[in-house]
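Here is a short report on one protein model. Please read it alongside the sequence and the 3D view.

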Amino acid sequence: MRERIDSHARTRVAILGCTGSIGTQALDVCRQHADRLQVVALSAHSRTEELVRFAREFDVAHTAVTDPRHAADPILSELPHGCDLLTGEDSAAELARMDDCDVVLVSIVGAAGLAASHAALTSGKRLALANKESLVVGGDLLMPLARPGKLLPIDSEHGAIFQCLIGEDAREAHCIWLTCSGGPFYGRSPRELESVTRRDALAHPTWNMGAKITVDSATLMNKGLERIEAMHLFGMGLDRINVLIQRESKIHSMVEFVDGSVIAHLGASDMRIPIQYALSYPERWDSPAPRVDFRELGSLSFGAPDMDAFRCLKLAEIAGEMGGTMPCVLNAANEVAVDAFLHDRLGFNDIARVVDACMNAHERLDVVSFEQIADVDAWTRRRAAQAIASLA
């Protein structure tokens, strides 16, 4: 039985990570459907000026600043009259637990989104999830909490797979074809990748995303994380989740069934489409996103990823197959390495070398608690910093 939104009342939405790429596009969806969606809470990490601007525009009742260094920014005095302000690392999770909220959209970058995702699910909210790390790191703990219709993926690929499976028996799925643009370096050799720069890596051919995710797309770590996320979301083994290069980014993913039939989700490369569906489900609303005229598209191209050149994709496969705490190590090491790359302290191929070093140094454990995950995450970040220092 699919959950249906009361058409006579506005759905109350909290957007956690409102100043990032997904957060700002979610706000655009809320503007387009102000008669159906009410923004009641917003969080930001450090960009308090934008937080205040959005809080005033939507007249929200609750806000949070998760970076303690920005908890006393003078601009926060300009929040709307009567608007609550929470601060600190746990403040976004506190917003997710609020009673006067129906949907929590988590677009916080990195493992920091795990606590907010857990808070939303344990509070009975619908979780619109744009933070893949929540499931990569804590999927063993989160998925048992997700009731039907309460966890909607916002990644274009996972949103596509979710829609391909509507009305189908998931047990009859043979495999998933998880599509990927290939990033800005598709076709390059490991030697050619040694010399790429931060500017090169941030020039994604299709999507406009934040810096961290854009680098992950360049290394293909993003696709590796998405394979692990898909394992949890759709209850399918990694060997049945195939990465497919689709350069035009018009096929957002496909599901192949045991009888040989394939259902594909196609459309424009616009994140507002999956964001809106996560908020409108099970309904479909009009969207301002551009339409694709398939008569003019010309052709669609396909290819296989090169796991030798893009070592991060292979490391993610190893971590996913091992399971337990290894995906946590993969994710934390990658976050530290990508940050070092973005600050010109690490080469592009060194990102994989740092992740590899941390995984080799870790003894895999079964996931038993959030406290354990936090300990493994902290250990990995220290070990990654040591690996970066050794490569300098």
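The report covers a helix pair, a hairpin and a cavity.

## Basis

This is a predicted model: local features need pLDDT of at least 70, side-chain atom pairs count only at pLDDT 80 or more, and totals for chains, interfaces and linings use all residues. Residues are numbered from 1 along each chain as its sequence is written, and side-chain values use heavy atoms, without hydrogens and water.

## Helices H4 and H5

Helix H4 (residues 113-122) packs on helix H5 (residues 132-142) at about 35 degrees, with the axes 10 Å apart. Axes are lines fitted to C-alpha atoms over the stretch in contact, and angles run from 0 to 180 degrees between N-to-C directions. Helices (H or I, at least four residues) and strands (E, at least two) are DSSP runs, numbered from the N terminus.

H4 contributes Gly113, Leu114, Ser117, His118 and Leu121 to the contact, and H5 contributes Ser134, Val137, Gly138 and Leu142. Contact means heavy atoms within 4.5 Å.

Strands E10 (residues 251-257) and E11 (residues 262-266) run antiparallel, joined by five bridges. Pairing requires at least two DSSP bridges. Isoleucine 251 has leucine 266 of E11 as its bridge partner. Four residues lie between the strands, and glycine 260 takes a positive phi near 95 degrees.

## Lining of the largest cavity

Helix H6 (156-164) and helix H11 (272-280) each supply at least two lining residues. The largest share, four residues, comes from H6.
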